[in-house]
Amino acid sequence: MSTSSYTLIQPAARTTSVVFASPHSGRDYPTDFLTNTILDQDAVRSSEDAYVDLLYDTVPEQGAPLLSSNTPRAYVDLNRGADELDPALIRGLRRTDHNPRVSSGLGVIPRVVAGGRAIYRGKMTLSAAQARLAGHWHPYHNALQTLLDESTALFGEAILIDCHSMPHEAVTSLAKGVTPSPEIVLGDRFGASASPQIVERVEAAFKRAGFVTARNTPFAGAYMAQHYGRPSRRQHVVQIEIDRALYLEEHSVKPNSNFKQMQVRLAAVIKDIAAIGQGRNALAAE
């Protein structure tokens, strides 16, 4: 199923409580947006988790749904709350409280892309901002909540794997000369968004596939983990960040020569993660 906001690929049968979602891999840029932005095509795409949806394309084969954004992050950031609106970009808004993401230009409708580069020359109206949320943010989040509710009904729990990629520069800055540097960063908001047992099993799946992992630094999870992560209600979220250098030419935003190999390695990881949500319903119901 595909809409202007997202693409949902369902398995032939749901056999696991795990749901995979990629909120930042959207690359369907509206014509009016491309006309109005002051950035060139490569710059405007720099905030994408480019092709992450394709890296995870074997998800439905393992009995789990794959929800992928069609909406570019530079147009609407689905990993922000609908109320994270930026007064520096949207006319008529008053600043109510300090939000570091909004202040830095990375609200639900971003003012800048990676590197702090401005997307627009001026401001937009509140009605234009609300139209974007109605057409893109709300449909995606409604679909995601439906999938999580279905998992809870079927299996007694829901596990969201929130799929992202991170700039290689962020990885090298994290490593600070230590080798090997992390290739995968798992975020659970320092234990707030998922049970430790689930996070441990997700991390073990990546390690079995030969990846170097780290937790919560520099990415612990944003809106998805904060909003949907409710371990006490058996709804868990683990954010996954993959070093883009493993599969992407970052400057040209094109898959590199390792892309297919990464798909193969991740297929094994996906299978192991899907298995976490198989046969746990009896335990979850206790």
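This is a predicted model: local features need pLDDT of at least 70, side-chain atom pairs count only at pLDDT 80 or more; totals for chains, interfaces and linings use all residues.

Colleague: How much space lies in the largest pocket?

Modeller: About 490 Å³. A pocket here is an open set of points on a 1 Å grid over the protein atoms alone, where a 1.4 Å probe fits, with protein on both sides within 12 Å along at least five of seven lines. The volume is the space filled by probe spheres set on the points, which are joined across faces, edges and corners.

Colleague: Which residues lie nearest its centre?

Modeller: Arg73, Arg80, Leu106, Pro167 and Phe219, out of 25 lining residues; lining means having an atom within 4 Å of a point. Strands E4 (112-113), E6 (158-166) and E9 (235-243) each give two or more residues to that lining, and E6 gives the most, with three. Helices (H or I, at least four residues) and strands (E, at least two) are DSSP runs, numbered from the N terminus.

Colleague: How does the lining of the largest pocket divide by class?

Modeller: Nine nonpolar, 10 polar and six charged. Ala, Val, Leu, Ile, Met, Phe, Trp, Tyr, Cys and Pro count as nonpolar, Asp, Glu, Lys and Arg as charged, and the others, Gly among them, as polar.

Colleague: And the second largest pocket, what lines it?

Modeller: The second largest pocket holds about 340 Å³ of space. It is lined by 16 residues, with Ser46, Ala114, Arg117, Arg244 and Glu250 closest to its centre. Helix H6 (168-175) gives the most to this lining, with three residues. By class there are six nonpolar, three polar and seven charged residues.

Colleague: Switching to the cores. Which residues touch the most other members in the largest one?

Modeller: Phe33, Leu67, Tyr140, Leu144 and Leu160, in a core of 38 residues. A nonpolar core is a set of buried Ala, Val, Leu, Ile, Met, Phe, Trp, Tyr and Cys residues joined through side-chain atoms within 4.5 Å. Buried means under 20% relative accessible area, exposed over 50%, and partly exposed in between (1.4 Å probe, protein chains only). Helix H5 (126-155) supplies the largest share of this core, eight residues.

Colleague: What does Phe33 touch?

Modeller: Val44, Ala74, Tyr75, Ile119, Tyr120 and Arg132, not counting residues up to four places away in sequence. Contact means heavy atoms within 4.5 Å.

Colleague: How far apart are the end C-alpha atoms of H9?

Modeller: They are 26 Å apart, which agrees with the 26 Å that 18 residues (259-276) should span at 1.5 Å a residue. The expected span is 1.5 Å times one less than the number of residues. Among the buried residues of H9 are Phe259, Leu266 and Ile273.

Colleague: Where is the cis peptide bond?

Modeller: Between Thr217 and Pro218, with omega about 10°. Pro218 is in the loop between strand E8 (213-215) and helix H8 (223-228).

Colleague: Tyr51 has a positive phi. Is that residue buried or exposed?

Modeller: Tyr51 is buried, with a relative accessible area of 15%, and its phi is about 65°. Arg234 also has a positive phi, about 60°, but Arg234 is partly exposed at 35%.

Key
Residues are numbered from 1 along each chain as its sequence is written. Side-chain values use heavy atoms; hydrogens and water are left out.
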